[in-house]
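Here are some notes to read alongside the model. Take the points in order, and find each residue in the viewer as you go.

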Amino acid sequence: MPTYVYRCTTCGDTEQDFPMSRKPESVTCPDCHGTADSAFTSPHLGAGSGTAFGVIDTTKKTADELTR
Ligand SMILES: [Zn+2]
């Protein structure tokens, strides 16, 4: 299961595991119970970006390799 980094504005980074298809854009911070937003973008999850097809292919390939 991939690990995603979320960033709380109060506490800093926290890591959480989610299935790739269920990764939320933000999570509840385990320390202060505030909102921690995803710290990096996932281009292959973005919808309708016509300029990033090459990036999407590369990212998908990398993600597939990581889950094996
Ligand atoms: Zn926090």
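1. **The overall layout.** The protein chain has one helix and four strands. Both kinds of element are DSSP runs numbered from the N terminus, a helix being H or I over at least four residues and a strand being E over at least two. Read from the N terminus, their order is β-β-β-β-α.

2. **What you are looking at.** This is a predicted model, in which local features need pLDDT of at least 70 and side-chain atom pairs count only at pLDDT 80 or more, while totals for chains, interfaces and linings use all residues. Residues are numbered from 1 along each chain as its sequence is written, and side-chain values use heavy atoms, with hydrogens and water left out.

3. Of the 68 residues in the protein chain, 21% count as buried. Here buried means under 20% relative accessible area, exposed means over 50%, and partly exposed is in between (1.4 Å probe, protein chains only). As for contacts (heavy atoms within 4.5 Å), residues 24 or more positions apart account for 24% of those in the protein chain with a separation of 6 or more.

4. **The zinc site.** Which residues hold the zinc ion as protein donors? They are Cys8, Cys11, Cys29 and Cys32, each through its SG atom, at 2.3 to 2.4 Å from the ion. Donors are N, O and S atoms within 2.8 Å of the metal (3.2 Å for Na, K and Ca); water is not among the atoms, so sites may look incomplete. Along the sequence, the spacing of the donor residues is C-x2-C-x17-C-x2-C.

5. **Its geometry.** Why is the arrangement called tetrahedral? The angles subtended by the four donor atoms around the zinc ion are 101 to 112°, and this makes the arrangement tetrahedral. The rule for four donors is that all angles lie between 85 and 135 degrees.

6. **What the site connects.** Cys8 belongs to strand 1 (residues 3–8), whereas Cys32 sits in the loop between strand 3 (26–28) and strand 4 (35–38), so this pair ties together parts that are 24 residues apart in sequence. Cys8 is buried at 3% relative accessibility, and Cys29 is buried at 2%. Cys11 is partly exposed at 37%, and Cys32 is partly exposed at 35%. A search of the whole structure finds zero disulfides, a disulfide being a pair of cysteine sulfur atoms within 2.5 Å.

7. Most residues other than glycine have a negative phi. His33 has a positive phi of about 60° although it is not a glycine. Where is His33? It is in the loop between strand 3 and strand 4, and it is exposed, with a relative accessible area of 60%. His33 and Cys8 are 25 residues apart in sequence, with 9.4 Å between their C-alpha atoms.

8. **The aromatic pair.** How many aromatic pairs are there? The count comes to one, using the rule that rings of Phe, Tyr and Trp (its six-membered ring) pair if their centres lie within 6.5 Å, with planes under 30 degrees apart counted as stacked, over 60 as edge-to-face and the rest as tilted. The rings of Tyr6 and Phe18 have centres 6.1 Å apart and planes at 80°, so the pair is edge-to-face. Tyr6 lies in strand 1 and Phe18 in the loop between strand 2 and strand 3, so the pair ties together parts twelve residues apart in sequence. Both Tyr6 and Phe18 are buried.

9. **Around Thr14.** Thr14 is in strand 2 (residues 12–17) and is buried, at 12% relative accessibility. Leaving aside neighbours within four places in sequence, Thr14 is in contact with Tyr4, Val5, Tyr6, Pro30 and Ala36. One of these, Tyr4, lies in strand 1 and is buried at 7% relative accessibility. Tyr4 and Thr14 are ten residues apart in sequence and 8.4 Å apart from C-alpha to C-alpha.

10. **Around Ser38.** Ser38 lies in strand 4. Its side chain is joined to that of Lys23 by a polar contact of 2.9 Å. A polar contact is a pair of N or O atoms within 3.5 Å; within protein, one must be able to donate a hydrogen and the other to accept it, and residues adjacent in sequence count only if both atoms are side-chain atoms. Beyond neighbours within four places in sequence, Ser38 is in contact with Val5, Tyr6, Lys23, Glu25 and Ser26.

Methods. Four donors count as tetrahedral if all angles lie between 85 and 135 degrees; four count as square planar and six as octahedral if opposite donors are over 155 degrees apart and all others between 65 and 115; anything else is irregular.
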